[in-house]
Amino acid sequence: MPPDSSDLLQGTLELLVLKALSLAPLHGWGIGHRIDQLSRNAFRVQQGSLYPALQRMLRKGWIRSEWRTTENHRRARYYLLTRAGRKQLEAETEAWERASGAINGILKTRPSEHPA
Amino acid sequence: MSLLTDLGERLKALVFRRRQERELQEEFLFHVERETAERIRLGAAPEAARREARLAFGGVEQYKEAVRDARGIRPLEDLGADLRYAVRSLRRNPGFSATVVLVLGLGLGASTAVFSIMDSVVLAELPYPDPGGLVVVSEKNSPTNIWNISTADAVAIREQQRSFSAWGEVSRMEAALSGAGTPEHVILGRVSAGFFKALGVPAARGRLIEERDEAAEAAAVLVVSHRLAEEKLGGPARALGRSLTLDGVSHEVVGVLPPGRTDMGGVRAAAWTTLKLPAPVRRGPFWLRGVARLKEGVTLDMAAADLAGISARILPLWNDFRDSVARLTPAPLRERIVGRADRQVGLFAGGVLLVLLLAITNVATLVLVRASAREPEVAMRVMLGASRGRIARLLLTENLLLTMMAGALGLLLAWLGLKLAVAQLPDLPRIQNAALDWRAVSVALAAALAAGVLVSLSPIAGGGGEIGRSPARADTRRTGAGRRSNAVRSALVTVEFALALPLLVMAGLLLNSFVRLSRVDPGFDPYGVVATRIALPAAGYPGDSERARFWIQVEQRLGQMPGVDGSGLASDIPPDSPGTNNFNLVDHPVPTGQSEPTTPWYEATPGYFEAMGIPLLDGRMFTPADTVDPVVIVSRAWARRYFPNQRAVGRQLISGGCYDCPRTTIIGVVGDVKNLGLAQSEEAVYDPIGPALARSLQVVVRSNAGTGASLRALRELVHGLDPDLPVRESVIAERFDDTLDDPRRWTAVLGAFAAVGTSLAALGIFGLMSYVVRQRRREIGVRLALGAQPGMVTRFVIARGMRYAAAGSAAGLVVTLLAVGRLRTLLFEVSPTDLMTIGAVAVLLLGVALVACWLPGRRAARIKPLEAISTE
């Protein structure tokens, strides 16, 4: 995979994780599951690749982790959005919307509107 | 904020590494189980669900690595692993590790100590504000003939100078401090107010000498050193207002200097009092040191021109001094203080640098030999996939660990060495300030670091083959090490000899010089001679008659002491430096306007020559009548210099430039005495002690009663006459021995360096030849099996080793001849290129090398052919 597209993917993955966690604290599997649900299986990545991304986000201070008990009484590591993470999500969402709006505008341009 | 969390997470990762690994494992397991459960819930068979869940997750180990990388402590973890590995491998080889640490630690310790000494003695700024502007003013008529200035000079400079923002004079004297316990001698600095002003150091308490103290009627005041305040006055806080009696005069303490200020402007004194300059009556005598601070923007050259103008203007005013070449000359204070120490410390530093380089070279050799012994291990690692860079880093870590340990040892040794040096070399200026400060510590650690890198370069670069060598050739026992690494090893050993030879030559020359110095005939018989200096305070002995009465009584009582073979008085005794005086020969006057010759000048009674055992060679001794017409006795060396091949007795001279005084007649010639210390000239002129008897004289006694008894009798004699007089006895033979102390120390230090250097070189060549023998064991075995004589094998090994030793020594000889001229001033009657010394030293070094090569050579000859061939 060329590095630039992986960077893009990584950035996107982080945004998706932030979005997933903004709704509720989740463990690793839960995050993957939630992203699948939200994206209707559009992002097919290996599930393990989630964990290095989580570790990076921990270091950036966007999320924190704690060990909790699941509804099935199992011990699992849950990830929570921090205040910095919430800000990051807002900033990235806004940036994403601006960018996607611009791109959408470009893509919807009809040939006649193109400046000669 | 996020930087902090980042750091925090990394730190956590580092500290809780094991727990995190466990949790990572648990987290992954949970994930797969949860996925399996999900798939079962959606209808998959348990077995298939588990497999699919694993597939969906991906490579567990691969993602674990990715998470570890994301923790951001990878480089540190690697370093930790390298360190653990290094410690393990060094522990496996304790002999090697200890040798390296010891050898390098010694080298680093010595050089760190010397760095600290150089730093405080030579390099450090003088401890005054803006020290570059401080100058000392002296009279000078040739580059080497420099002397003090006179009252007339000082007064003229005060009135006419335009170069200095502050100007002062200082004169050092001894004074009897009484009133507080036993009377004792202290060194007193007499200074004008400008002296302290020029130096710019404020008093810690009270005030310094000020201009109002210089008025003729002003009360006697005293500024004391911090130490004197502590020892005699109950601490600086209580010193002010107290009074101390110096030479019978009461002085009020008005100020205390800051702690550690034992010398001011290069003059060491316990206390400072006012110098009240009398109006000059003639140009001489020259007894003051001028200290000044240059005005802003005034250079040394400008000040020199200013002072030269003053010299020219005052020359015609006085008729007792006609030297038109002599100039008042400013010199930087630093130059006057550091002076000769530059060269001594330079020699010291050169020696230490050689030892350090030798130590590093030696360690490099050791590391190289070890690197090749480890070749199979390294090859195995390469085969298992370690990269060249990784292995180089491993070796570097190991070497750095070693050299850093050596650095720590070195610091400890430097600390001890400094204590020793401060105690052993008290005459080096400013050595008291030498201490291990942070700069010395960083120099030591930087040197250790550099040594580690240098040492690692040898196996990494020099023997490149040893690291990246293809695993197929790992069995070096059969193939032998690469040519290149052998060349590096031999080059290192050659360098060691090139470094050791200069060290040995230096030590050899100093030793030779020392032996000659200690064999010098002092010109008299010092055994059984004791002396004491007595200074009569002005208060108790105000006039000539009181002093004369005292000295006459001393002479009388000396004659009655039991066991005395001779006794007398003199102004100075060997090996002290006496005063000097200028003179002009009536028969051969110097041309007008030229400098008159100067010579050491003593005052003595006839009994002095008898007591010292100085023979009268020609003419007659002083008689009591000689105090009327001026007469002198001269030494044989003086007579030979000024009246070569002629009789000096009966000739006349004009003394001290006093052209109006009656002419002085030479009445006798006495034997030469090494008056100024053993290495100095023997020229001397003796005046009879005249009616104006001196305030301070040496009382000399030759006795067969034993030195202890004579000293006691002498002290009782003086105290019988005046119990307040401080007595400072000396045994002349000891005093002469003391003058050998300095050369003895330098010789010992350089000798120790040379011994260490030679041992290192010997160790180096021994190691190399042992390695060569081990490496070629099989070949030697084959040769022996084919009938080679064991002697031939030994000779072959020795010849090969001696080639390196000889080449190194030859290179060292070239280095020595280039650099050794700098030793000249430290040597006595030995040329720096003395062939005997250099030859003897070279033979010694090669002899040591021969033994060092012979040992492995003998081992080679004893190789059992069958074993050597079959065990491979």
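Are B:Phe195 and B:Phe196 buried or exposed? Both B:Phe195 and B:Phe196 are buried, where buried means under 20% relative accessible area, exposed over 50%, and partly exposed in between, with a 1.4 Å probe and protein chains only.

Some ground rules. This is a predicted model, in which local features need pLDDT of at least 70, side-chain atom pairs count only at pLDDT 80 or more, and totals for chains, interfaces and linings use all residues. Residues are numbered from 1 along each chain as its sequence is written, chains are lettered from A and ligands numbered from 1 in the order written, and side-chain values use heavy atoms, without hydrogens and water.

Now the rings. Over all chains, the search of the whole structure gives 20 aromatic pairs. Rings of Phe, Tyr and Trp (its six-membered ring) pair if their centres lie within 6.5 Å; planes under 30 degrees apart count as stacked, over 60 as edge-to-face, and the rest as tilted. B:Phe195 and B:Phe196 are edge-to-face, because their planes stand at 65°, with ring centres 5.5 Å apart.

B:Phe195 also pairs with B:Trp272, and this pair is stacked, at 5.7 Å centre to centre and 25° between the planes. B:Trp272 is buried, at 0% relative accessible area.

Elsewhere in chain B, one aromatic cluster is formed by B:Phe583, B:Trp601, B:Trp638, B:Tyr642 and B:Phe643.

Last, chain A. The charged end of A:Arg75 is over the ring of A:Trp67, 4.3 Å from its centre. A:Arg68 lies over the face of A:Tyr78, 5.6 Å from the ring centre. The criterion is NZ of Lys or CZ of Arg within 6 Å of the ring centre and within 35 degrees of the ring normal.
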